[in-house]
Amino acid sequence: MPNTSRSTVPASFKPSGGIVTPPAAPDPLESALRSAFDQGEPVDVEGNPVVEKQPITYTLRNGGVLVETCPSWCVLDHAPDHDALYPEDLVHEGAEIELPTTTIEGSRVSILAARIMQWPHSGDGSGAEVPYMAIRPEASMGEALGYSTPDDVEAEIRRTEAHLKALRDMNARLVEARAEYERQQSLRPENLTVEDVRSLPVPVLLKTFGLKVFEVEGMPNNTLVWLDRREDEVQPAFYIDRSLTQASRETAVRESLVLVVETMAAKAATK
């Protein structure tokens, strides 16, 4: 039986042989941007229509008026400037960024503050009549680095990045320093082995055992090193003949402490 249904496909249609996939769901932000562009409206990076700024009329102190439109990036309220203004005093300022932090005393400070600025009628040859970036390393200080061009800012960014790398490297050293400190804090004479005594730095061993070192001259019986660990009010100490070299002193201290550790281990084993 012939098919009497009428096709809506044009007679000139030729299939391509490809697989047709359904289009992806439109991105809301992209749709908003496209809609705004299609309508000829300026938009910001978030897709919000930009309100076109209107010219502002300023009354000049030296007579006459100045009519100027604020640049798109300026966030300054110019209402206080409408009356009695010198042209060279007109300034445009962008939104400021800064890095807030807290001092060891608990007060809040900000560093690396920056904003775009312009003095459109400065006329002093400083370059401030062109938009520049005012960078303040310490936000609490009013002084900026100067009239920073994009090249100046890029150079400052590179210096800051290099400083951040140095700060990361220092933080790694801080981790090692704290680990070393924790190891030393956890050292106890009763926990040391003979291998520990032979390998740890002598100053660490002296601190662990709570020992002081005194140099003496001419101890009895030709004694060169004497470890006094009397359990009275006298602090335990090493008495070392001053004629000994540094290497000999360290060797003598280690050997004395090896005997101490071995004695402590023997006593613990008999309990």
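Me: Is the crossing of α4 and α5 left-handed or right-handed?

Reply: The crossing is left-handed, that is, the near helix is turned anticlockwise from the far one by less than a right angle. This is a predicted model, where local features need pLDDT of at least 70, side-chain atom pairs count only at pLDDT 80 or more, and totals for chains, interfaces and linings use all residues. Residues are numbered from 1 along each chain as its sequence is written, and side-chain values use heavy atoms, with hydrogens and water left out.

Me: What angle do α4 and α5 pack at?

Reply: About 40°, with the axes of α4 (residues 202-209) and α5 (residues 246-270) 11 Å apart.

Me: Which residues make the contact?

Reply: From α4, Val-202, Leu-205, Leu-206 and Phe-209; from α5, Glu-250, Val-253, Arg-254, Leu-257, Val-260 and Val-261. Contact means heavy atoms within 4.5 Å. Eight of these residues are nonpolar, none polar and two charged, with Val, Leu and Phe counted as nonpolar and Glu and Arg as charged.

Me: Different topic. Where is His-78?

Reply: In the loop between β2 (65-69) and β3 (92-93).

Me: Buried or exposed?

Reply: His-78 is buried, at 4% relative accessible area (buried is under 20%, exposed over 50%, 1.4 Å probe, protein chains only).

Me: What does the His-78 side chain make a polar contact with?

Reply: The side chain of His-92, at 3.3 Å. Another polar contact, of 3.5 Å, joins His-78 to the side chain of Tyr-58. The term means N or O atoms within 3.5 Å, one able to donate a hydrogen and the other to accept it.

Key. Axes fitted to C-alpha atoms, helices over the stretch in contact; angles between N-to-C directions. Helix = DSSP H or I, 4+ residues; strand = E, 2+ residues; numbered from the N terminus.
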